[in-house]
Amino acid sequence: MAKTKQSNSTKPKQEKKSLNLKASKRTKIIFGSFLMLFAIGLFISFLSYFFNWQADQSMMGNVMDRSEQANNWLNKFGAYVSHVLIYKGFGIAVISFPAMLFITGIYLFLNLKLFKLRSLWFWGSYIVLWLSLTLGFFAASNPIMGGVVGYEINDFLQDYIGKLGVILLLVFMLIIYLVSRLNITPDALSKSFSNHKQSVKDEVSEMKFEPKTNSEETKVDEEIEVATSDDSVPTVHKHQDNDVQLENSFSEKSSKVEPASAKEKIVIKSEDEDDVEMEVETVEDEEESDHLSKKLVEDFGEFDPTLELANYQFPSIELLKDYNSGRGITIDQKELEQNKNKIVDTLKNYKIEIAQIKATVGPTVTLYEIVPEAGIRISKIKNLEDDIALSLSALGIRIIAPIPGKGTIGIEVPNQNPSIVPMRSVVASNKFQNAEMELPIAMGKTISNETFTVDLAKMPHLLMAGATGQGKSVGLNVILTSLLYQKHPAEVKFVLVDPKKVELTLFNKIERHYLAKLPDTEEAIITDNTKVINTLNSLCIEMDNRYDLLKDAMVRNIKEYNVKFKSRKLNPENGHKFLPYIVLVVDEFADLIMTAGKEVEMPIARLAQLARAIGIHLIIATQRPSVNVITGMIKANFPARMAFRVTSKIDSRTILDAGGADQLIGRGDMLFTQGNDLIRLQCAFVDTPEVERITDFIGSQKAYADAHLLPEYSGEESGIGVDNDIEDRDKLFRDAAEVIITAQQGSASLLQRKLKLGYNRAGRIIDQLEAAGIVGPFEGSKARQVLVPDFIALEELLKNEQNS
Ligand SMILES: Nc1ncnc2c1ncn2[C@@H]1O[C@H](COP(=O)(O)OP(=O)(O)OP(=O)(O)O)[C@@H](O)[C@H]1O
């Protein structure tokens, strides 16, 4: 809201007022510049006095005598003023007077508010007095150190409280200054000490994690180029690329925002020469909070969400196993040669001549890129998929015709000895370490052996499918571990749904660090399908709450919101808080849909549609990607899909909208799409003992008091089946009814807050209120409708109940 101040009175009055205003402004400028110059003069006098005070001492008696000259650079005036203020006054401490005068001059000159100078003058004078006393005490023999005032007061005090008393008094005065003016308290000291310790630690850890050039991750990219089909000896270009490996340097990246000025000054000039100009000043409310937030940031620094677990250590890369122990991919030249020959021969049988062939060796498959002779139809090659597979006698051959953006045809042939992509190598890669992503995930390696990283926040939700034993659970572990390696417990929370009960149990150990759960539940990992519905609905409530916060903060997404919150522009008293990302992982979605059907589909679809901006991301995995599990509504909202090997082409179509997943070779071989191209990847491999080591490491550190609590959700079945027995009603039934009627909002959490009740009791009372017809039925994430308008109606309703 803008406050506009305008003066619109009649012309003569305006003229007079403005003239006054102008006069006072002019006077301020004149007086301000006088003070500044006077301060400079005074300073020069003082400085000169220190060198000449003894010589000038003799002429102090006849200052008015024109023939007398002083050595001071400002002659008699300088000598006299300095003598009065330093010698007869407060000693050398008065050197701060010119400084205070100069600052006052600047304030006047620039027409700034003078009240801010009060504390400058008060504390300035205080410190002058203290210094004068202290120097008068310790350097009494030198008259210009403490001045006459310092000496005399000391003398006076010593007569009454003795030397020791004076020392104690001086110390006490110093403490007053340090605490009141400089805000130096034991708390502040210990805080700054711990900050300093932390920054030293950070520096040390950064130094420790300097990039090592002798990497463990060796990237080998081999190429074979065959000039023509009759050229039997392929030319081999080998280039080895040593990827630089970085160990964890998970330093906090903080972002700062420059607040825009909200103050605007417009000068309206009149056409009429004699008329006065009018200054219209508009002050936005925002400015207040901007100043406030600036001051808060100056005083306390930016808000640091990680402060509660400031000593949290990220897991080290050493916890992950190095499966290849530096070997990288092994390339069998003979195998490459044979495959090339077979492809060339098979195509030749169908009269397809090849102009060029090139091989790129990946961890599990090798991509042979062929350029056919001019005039060959692509569809002809595409139709030969089965024949090529037969001639190579290999499973999992996939033909990409043409490779998008390349103009070549790709034939992917599985390697006889596929190599594992260890999680360690992808976590250590530069690409992952330096990823500027909100929720970075190191998925694995591409066919050209490059580390593949994606941002879960951008996906924004992921659908994962694959037949049993093809690598889904490993894939989920890869996603979760990637986040554990990059995100502080304050920044991300997981909601884990594991109907299989065994896959995600390891994450129980990090419950109080990284998991989120419903209040009043014991286990954070949800294994019971009926409880999933409550959690999903609770996430919907969390989503609505977060949208309210975003709206209030006038930002569009969680990233902007958190930046604003960190720079202390959002008041926690208005419900604002730092919002962690929430990642919901459902390990077996088919199972869930079978048992709960529409009840889970609705909140999942709602979350998938709306939750991207507020930082809730869903990862849904299923063994059976059939259409009744992955319905159109769900599919439409999950643009990112990850397919491990599936059993049929239909399944592949359901998950990817294209074939291909049925031709994969399993063990982490997968296809990934974010809505456009399909990318073939080898998923990184992280084994259960590795995950266990990581969760043990994190779990052994200091944690929050409890898991992150989601908003409570009273189940849909509440109210149903509760009989309206007046005798059995809660003692606080009447009070609760009054609270709800006053607020005109039927929610259990309101009762919990106002009447200080537990979740279960508040839920029961809400059920009784529903049965009594005071509140309406359950309405999902919204509060229930209140059916009674006021206390009179309530009185009547209760009276009728008793009569009937
Ligand atoms: N990325 C990978 N690299 C190498 N081997 C893998 C990879 N992913 C999975 N495997 C192998 O496949 C096995 C089964 O993987 P996983 O348990 O992830 O399958 P799944 O799809 O979750 O099966 P289910 O649905 O029955 O739980 C693993 O034990 C491992 O030996």
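## The buried side of helix α17

In helix α17 (residues 589–596), the residues that count as buried are F589, A590, L592 and I593, where buried requires 20 or more other C-beta atoms within 10 Å of the residue's own, exposed 12 or fewer, and partly exposed a count in between, with C-beta atoms placed from the backbone. These four cover an arc of only 160° around the axis, so they sit on the same side of α17, the arc being that of the directions from the helix axis to the C-beta atoms. An α-helix has 3.6 residues a turn, so residues three or four places apart point the same way. The cover over the buried residues of α17 includes α15, β15 (581–586), α18 (598–610) and β16 (616–622), and α17 is followed by G597, whose phi is positive, near 55°.

This is a predicted model, in which local features need pLDDT of at least 70 and side-chain atom pairs count only at pLDDT 80 or more, while totals for chains, interfaces and linings use all residues. Residues are numbered from 1 along each chain as its sequence is written. Helices (H or I, at least four residues) and strands (E, at least two) are DSSP runs, numbered from the N terminus.

The axes of helix α15 (residues 529–553) and helix α17 come within 9 Å and cross at roughly 95°, which makes α15 roughly perpendicular to α17. Axes here are lines fitted to C-alpha atoms, for helices over the stretch in contact, with angles from 0 to 180 degrees between N-to-C directions; angles under 35 degrees count as roughly parallel, over 145 as roughly antiparallel, 65 to 115 as roughly perpendicular and the rest as oblique. On the α15 side N529, V532 and I533 meet D591, L592, T595 and A596 of α17, two residues being in contact if their C-beta atoms, placed from the backbone, lie within 7 Å. These contact residues divide into four nonpolar, two polar and one charged, with Ala, Val, Leu, Ile, Met, Phe, Trp, Tyr, Cys and Pro counted as nonpolar, Asp, Glu, Lys and Arg as charged, and the others, Gly among them, as polar.

For helix α22 (residues 733–743) and helix α24 (residues 759–771), the axes come within 10 Å and cross at roughly 80°, and the two are therefore roughly perpendicular to each other. F733, A736, A737 and I740 of α22 make this contact with I765, Q768 and L769 of α24, a set with six nonpolar residues, one polar and no charged.

## The ligand shell

The ligand is surrounded by 14 residues, of which the closest are T468, G471, K472, S473 and G668; a residue is near a molecule or strand if its C-beta atom, placed from the backbone, lies within 6 Å of it. Helix α13 (residues 472–486) gives the most to this shell, with three residues, and by class the shell holds four nonpolar, eight polar and two charged residues.

## Backbone exceptions

Most residues other than glycine have a negative phi, and most peptide bonds are trans. N449, in the loop between β10 (440–446) and β11, has a positive phi of about 70° and is buried, with 23 other C-beta atoms within 10 Å. N75, in helix α2 (residues 75–90), has a phi near 50° and is partly exposed, with 15 such atoms within 10 Å. The peptide bond from M459 to P460 is cis, with omega near -10°, and P460 is found in the loop between β11 (451–455) and β12 (462–465).
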